[in-house]
Amino acid sequence: MITKFKPGQIIRHFKRDFISEEEKKENMYLYQVVGIAVHSETKEPMLIYQGLYHPFQMYARPLTMAEEKTDKVKYPDAKQEYRLEVCDEEEA
């Protein structure tokens, strides 16, 4: 399985484009990749990641969904090409 996501990377959700500077300071919509898991029944690869903002919730999302392009019909003002992207050094 080849993926752009690696454990320890900081990733951002495209909805980060729509929040205030204050919320950005609180790390809203920033996450750290924990790893890639495999669903026990379907064998589907799942991205496991943890929020870098309170309450530091952990999430699992199908890898195909994590890597899909942002829905530009539903979110025409989204700047980010993909739903989740690896952050650059400045934002991480």
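The following dialogue reads a predicted model of one protein chain, feature by feature.

Reader: Which secondary structure elements does the protein chain have, and in what order do the elements run from the N terminus?

Author: The protein chain contains 2 helices and 5 strands. Starting at the N terminus, the order is β-α-β-β-β-α-β.

Reader: What radius of gyration does the protein chain have, and what would a compact globule with 92 residues have?

Author: A compact globule with 92 residues would have a radius of gyration near 12 Å, and the 13 Å of the protein chain agrees with this. The C-alpha trace spans about 40 × 30 × 25 Å along its principal axes. Of the contacts with a separation of 6 or more, 43% are between residues 24 or more positions apart.

Reader: In what order do the strands form the sheet?

Author: As a general idea, strands of a sheet pair through backbone hydrogen bonds, in either a parallel or an antiparallel manner. Here the 5 strands form an open sheet, ordered β4-β3-β2-β1-β5, with antiparallel pairing. β4 (58-62) and β5 (84-86) stand at the edges; each has a single partner strand, so one side of each lacks a neighbour in the sheet. On average, neighbouring strands of this sheet are turned by 40 degrees against each other, direction ignored.

Reader: How many bridges join β1 to β2?

Author: The antiparallel strands β1 and β2 are joined by 3 bridges. R12 has L30 in β2 as its bridge partner.

Reader: Over how many bridges do β2 and β3 pair?

Author: β2 and β3 pair over 7 bridges, in the antiparallel sense. Within this pairing, V33 stands opposite Y49 in β3. The two strands form a hairpin with 6 residues between them.

Reader: Over how many bridges do β3 and β4 pair?

Author: The antiparallel pairing of β3 and β4 runs over 5 bridges. Q50 has M58 in β4 as its bridge partner. The hairpin of β3 and β4 has 6 residues between the strands.

Reader: Where is the cis peptide bond?

Author: The peptide bond from H54 to P55 is cis, with omega near 15 degrees. P55 lies in the loop between β3 and β4.

Reader: Is K43 buried or exposed?

Author: K43 counts as exposed because its relative accessibility is 56%, and the cut-off for exposed is over 50%. N27, at 30% relative accessibility, counts as partly exposed. Across the protein chain, buried residues make up 32% of the 92 residues. The protein chain exposes about 6,100 Å², of which carbon and sulfur atoms supply 52%.

Reader: Which residues does the largest nonpolar core have?

Author: In soluble globular proteins, nonpolar side chains tend to be buried together. The largest nonpolar core here has 10 residues: F5, I11, Y31, V33, L47, Y49, Y53, L63, A66 and L84. The elements that give two or more residues to this core are β2 (30-38), β3 and α2 (63-66).

Reader: Why is β3 described as largely enclosed by the rest of the structure?

Author: β3 is largely enclosed because 5 of its 7 residues are buried. Leaving aside its neighbours within four places in sequence, G51 is in contact with L30, Y31, F56, Q57 and Y59.

Reader: Where is F14, and which residues does F14 touch?

Author: F14 is in the loop between β1 (10-13) and α1 (21-25). At 4% relative accessibility, F14 counts as buried. Not counting residues up to four places away in sequence, F14 touches T70, Y75, A78, Q80, Y82 and R83. The C-alpha atoms of F14 and R83 are separated by 5.4 Å, although the two residues are 69 residues apart along the chain. By contrast, G51 and T3 are 48 residues apart along the chain, with their C-alpha atoms separated by 20 Å.

Notes. Residues are numbered from 1 along each chain as its sequence is written. This is a predicted model: local features need pLDDT of at least 70, side-chain atom pairs count only at pLDDT 80 or more; totals for chains, interfaces and linings use all residues. Side-chain values use heavy atoms; hydrogens and water are left out. Contact means heavy atoms within 4.5 Å. A nonpolar core is a set of buried Ala, Val, Leu, Ile, Met, Phe, Trp, Tyr and Cys residues joined through side-chain atoms within 4.5 Å. Buried means under 20% relative accessible area, exposed over 50%, partly exposed in between (1.4 Å probe, protein chains only). Helices (H or I, at least four residues) and strands (E, at least two) are DSSP runs, numbered from the N terminus. Two strands pair if DSSP finds at least two bridges between them. Axes are lines fitted to C-alpha atoms, for helices over the stretch in contact, and angles run from 0 to 180 degrees between N-to-C directions. The radius of gyration is taken over C-alpha atoms; the globule rule is 2.2 Å times the number of residues to the power 0.38. Accessible areas come from the Shrake-Rupley method with a 1.4 Å probe; for residues, only the protein chains shown count as cover.
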